[in-house]
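Good morning, colleagues. Please bring up the sequence and the structure on your screens, and I shall take you through a few parts of chain B.

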Amino acid sequence: MRRFLLAVVSAAVLAGVSIAAGAARADLPQVIARGSAGPFEVSVLAEAPIRPGMSSWIVWLPNASTEGPARVEIEHAGMRASGTAPGRVSVHVHEARARTDTEAEMQTATLTIHRAGQTGTLTFAFAVAPRPGLVDQWRALSIVPIGLLVFALHQWRVSRMRRAPAATRVR
Amino acid sequence: MNPIASAALAAWSPPWDLLFAATGAVVLYWRGFAKLRRQLPSRFPAWRRGCFLSGIAVLLGALASPLDAFADGLLQAHMLQHWLLMMVAPPLLWLGAPVVPLMRGLPHGWLRRGLGPFLSWPALRRFVDAGVRPGTALALWIVATLVWHWPGAYQAAVRSRAWHDFEHLSFLIVALLFWYAVALPWPARRPANRAAIAIPLGIAALFNTIFSASFVFSDRVFYPVYAEMPRLFDVDALTDQKLAGAFLWVAGSLPMVVAATLTLIRATDTGDRTRVAAPVDRPGSAGRRIATRLKGIAAAAIGSRRARKSAQIVMGALAIAIVADGLLGPQRPSATNLAGVLPWTYWRGFVVVGLLVAGNLFCAVCPFTLTRALSGPLSRRFAVKLRWPARLRNRWLAVVLFAAYLWSYEVFAIWDRPWWTAWLVVGYFTASFGVEALFGRGTFCKHVCPIGQFHFAASANSPLEVRVLAPEVCTVCSSHDCLRGGPRGPGCATDLFLPVKQGNLDCTFCLDCVRACPNDNVGLQAVTPASSLGPARTPRLDFAALAALFCFGAFANAAAMVAPVAGMPWLPLWLGLCLVAVPAFSLIGCAAVGRFATGGSLPKAKLVAALAPALIPIGFAMWFAHFGFHTWTAMSSLVPAVGRAADDLGFSLPGAAGAGGMAAFDITGVEIGVLGIGLLVSTAVTWRLARRQTTATLSALAVAAPWVLVSALLYGLGVWIFLQPMEMRGMSM
């Protein structure tokens with residue numbers, strides 16, 4: 001039994017790894033734009049695909065090293081969001097999150113970065129996918145009705161077997 | 001690479017459900033085959049295993065490989081998919097004789113009690129027998145092929161993922177039926193005239209020829225959808241159609257011809273086919289030796305007190321890092337602080353995974369109990385030993401603390417405040433130390449710790465349990481070292497007496513009882529998840545309250561993170577209602593319906609205490625899906641946080657600057673699937689518990705119905721939550 005469990009766990013891990021290895025459409029952050037904004041090399045991450053509604057964006061300034069905090073502004077569809085990337089001595093991620101209400105089509109956003117007297121702007125286009133529907137998840141949703149049907153049949157069979165002669169039962 | 005091909009590949013995502021189903025089938029088959037091969041080596045030679053595994057590989061190649069990405073743009077790719085699905089995978093699967101190995105791969109109880117009622121169902125047998133008759137199977141094969149290749153249906157399948165999946169499923173089913181009739185895998189009965197199967201095979205080959213020829217010789221494109229699409233590899237739609245037809249013609253007829261030939265040869269072969277049987281059992285085989293050794297090493301590692309202490313020290317060091325960074329490190333963004341990442345992104349996710357695949361692993365290595373080493377001697381030194389108040393010797397205090405924790409977590413956004421997180425950890429250490437010093441070992445875990453109560457409730461779904469190995473040995477034991485402790489070590493800190501222990505409730509997986517038992521009669525055993533929630537448990541209202549809070553808290557916690565709820569006015573009030581009033585009214589309402597249905601014979605309190613634990617599985621499913629989402633989405637967020645902390649300490653970690661890329665995969669389906677399984681388990685447990693309350697089926701249905709309705713409503717809420725945009729904790733500012 002323990003070996004069985006070990007095998008199940010290993011198989012699940014393997015399957016998970018195999019899933020993770022593939023490039024895929026996802027609701028997880030992925031790079032939606034990358035380029036130079038003046039002196040800054042910028043990557044923008046967001047859940048992918050971006051769908052109508054609130055979305056979280058992350059702006060990365062990978063080589064920010066000793067230049068001090070940056071202020072990041074995102075302008076999109078008439079809405080403006082901004083964030084300050086601190087990390088006085090940090091060389092790592094600088095993020096800003098913008099909550100944007102988006103519609104399903106190609107849209108444009110403008111990113112402005114200010115740091116240590118320098119300013120950079122990056123304009124990029126990104127795709128907005130339609131709002132996800134229940135139909136897209138039909139396989140996951142079908143688990144419940146199928147499971148309930150099997151369970152009901154099972155219980156019905158169990159009750160029938162209780163009434164049936166012992167010779168017909170499976171041991 | 002062709003840019004359109006690149007785009008198609010980039011848009012492809014592996015079907016998680018198929019991968020998991022295939023993995024499960026392989027595990028079951030492998031396990032069952034190994035058992036059968038020891039008993040019937042001549043019937044289960046190694047090549048059969050190879051055939052089955054090849055069949056699974058072909059199936060995955062057809063449906064879970066980048067081939068699927070090209071199927072929507074290239075008819076040849078789609079026909080290759082259909083060929084693999086209908087003519088290659090099914091015969092390979094049946095040649096593996098998978099029926100009995102798959103059944104024997106299941107745990108015995110699941111086979112007997114789960115599958116048994118279906119296997120002995122005469123109507124089901126008749127239905128299957130009718131489906132695998134060669135004539136029926138051939139007719140279904142032809143109908144499915146014609147219907148799905150009719151332009152309307154075919155184009156609907158190309159345009160819609162759902163129809164495409166349904167098309168493939170129907171092809172696979174009819175092909176399995178058809179090839180079953182051809183291969184007749186053991187233990188199928190062989191007909192007297194085996195050669196007669198060549199007739200349906202011949203008809204199928206003829207049908208395939210006509211069908212394929214229509215593609216080859218037609219001058220118009222059958223499926224305009226391909227003409228509208230950007231062309232892959234510069235092949236126009238008509239040429240693509242002709243090539244697809246030619247492929248089907250040759251490759252599609254080949255398996256039929258081979259199968260018919262082999263069947264005729266075997267039917268006319270009268271030679272002696274007796275084989276020399278291989279050795280029945282090989283206890284000394286290399287694989288078995290390795291397995292035994294692995295088991296021994298794993299058991300030694302798990303059971304070792306030193307290993308546990310080492311793990312606790314590691315966890316303690318992490319707790320100190322959280323406190324230090326939380327108090328001294330940058331507060332914004334919280335994702336760059338260890339106190340913002342380690343507990344809320346990693347710890348919670350890993351804890352629920354551990355609970356699902358093993359058991360209460362966190363309590364086993366809980367760093368907060370490290371202070372016991374100090375509190376024990378101190379209390380002895382100063383002779384301070386109070387008795388925990390009798391009124392608090394239950395779960396009510398822990399339930400209140402758990403509710404307060406869930407409420408304050410959202411209202412004060414503790415996940416986004418490293419300073420608060422650090423003080424929470426400090427407070428935990430202090431409380432554990434104080435309670436243990438004043439009231440004795442285990443009091444904090446059993447009566448106070450809200451995290452422990454979460455784990456106790458969740459571990460009802462775990463597949464492992466600390467249990468007595470042979471109950472009869474305990475009947476003659478008088479020392480009860482598992483409880484009181486003895487020369488081999490301390491007994492159970494939470495006062496569990498192993499012979500009467502039910503499930504994992506109050507079990508911290510410390511394995512002290514395993515080490516203390518003088519008869520070596522306690523061990524970690526595999527159990528059916530959620531079985532301990534069944535009728536054997538003694539109903540208690542405090543546990544019912546914990547179960548309800550555990551379940552409703554899961555949904556309230558997740559709902560508070562999605563946009564429509566997070567922006568609500570009066571959120572603290574709503575959250576309080578969801579954590580206290582809604583569960584209370586739900587439980588009382590369900591019990592009132594049950595009482596009414598049973599003619600007032602059952603007290604409401606008894607019904608609540610008995611049936612509320614059935615909510616635990618769906619609650620756990622929600623916790624698992626929710627925490628799993630955060631851990632998955634922010635899996636690499638540790639790197640920048642550790643890099644930042646190392647920078648502050650004057651170190652520099654190469655590579656940390658560029659880290660943070662995410663594995664991209666849509667897990668909404670996984671979340672919904674997990675929640676669906678939780679609903680099913682909750683429903684099954686509810687039914688078992690309801691049957692315990694009343695023997696009449698209709699009354700039991702009436703007792704169970706409101707509880708199932710509550711679970712179903714929670715499921716609907718959960719699906720809605722998963723379809724909303726969710727805060728990316730551990731990643732955002």
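Predicted model: local features only at pLDDT ≥ 70, side-chain atom pairs only at ≥ 80, totals over all residues.

Gly489(B) is buried, because its relative accessible area is 15%, which lies under the 20% cut-off. Which residues does Gly489(B) contact, once its neighbours within four places in sequence are set aside? They are Arg305(B) and Ala516(B). Arg305(B) lies 184 residues away along the chain, yet the C-alpha atoms of Gly489(B) and Arg305(B) are separated by 9.8 Å.

Let me turn to helix α32 of chain B, residues 638–648. Its buried residues are Pro640(B), Ala641(B), Gly643(B), Arg644(B), Ala645(B), Ala646(B) and Asp647(B). They pack against two helices of chain B, namely α16 (305–328) and α17 (338–357). Just after α32(B), Gly650(B) adopts a positive phi of about 95°.

The next item is a helix pair. Helix α9 (residues 134–149) and helix α11 (residues 161–183), both of chain B, pack with their axes 8 Å apart and at an angle of about 155°. Angles over 145 degrees count as roughly antiparallel, and α9(B) and α11(B) are therefore roughly antiparallel to each other. Their crossing is left-handed. On the side of α9(B), the residues that meet α11(B) include Leu138(B), Trp141(B), Thr145(B) and Trp148(B). From α11(B), the partners include Trp163(B), Phe166(B), Glu167(B), Phe171(B), Val174(B) and Phe178(B). By class, this contact comprises 16 nonpolar, three polar and one charged residues.

Finally, the cysteines. How many disulfides are there over all chains? The count comes to zero. Cys449(B) is in no disulfide, and the nearest cysteine sulfur, that of Cys366(B), is 6.4 Å away. Cys449(B) is also buried, with a relative accessible area of 9%.

Methods: Residues numbered from 1 in each chain as written. Chains lettered and ligands numbered in written order. Heavy atoms only, no water. Buried < 20%, exposed > 50% of the residue type's maximum accessible area, 1.4 Å probe, protein only. Contact = heavy atoms within 4.5 Å. Helix = DSSP H or I, 4+ residues; strand = E, 2+ residues; numbered from the N terminus. Axes fitted to C-alpha atoms, helices over the stretch in contact; angles between N-to-C directions. Parallel < 35°, antiparallel > 145°, perpendicular 65-115°, else oblique. Left-handed = near helix turned anticlockwise from the far one by under 90°. Nonpolar A, V, L, I, M, F, W, Y, C, P; charged D, E, K, R; others polar. Disulfide = S-S within 2.5 Å.
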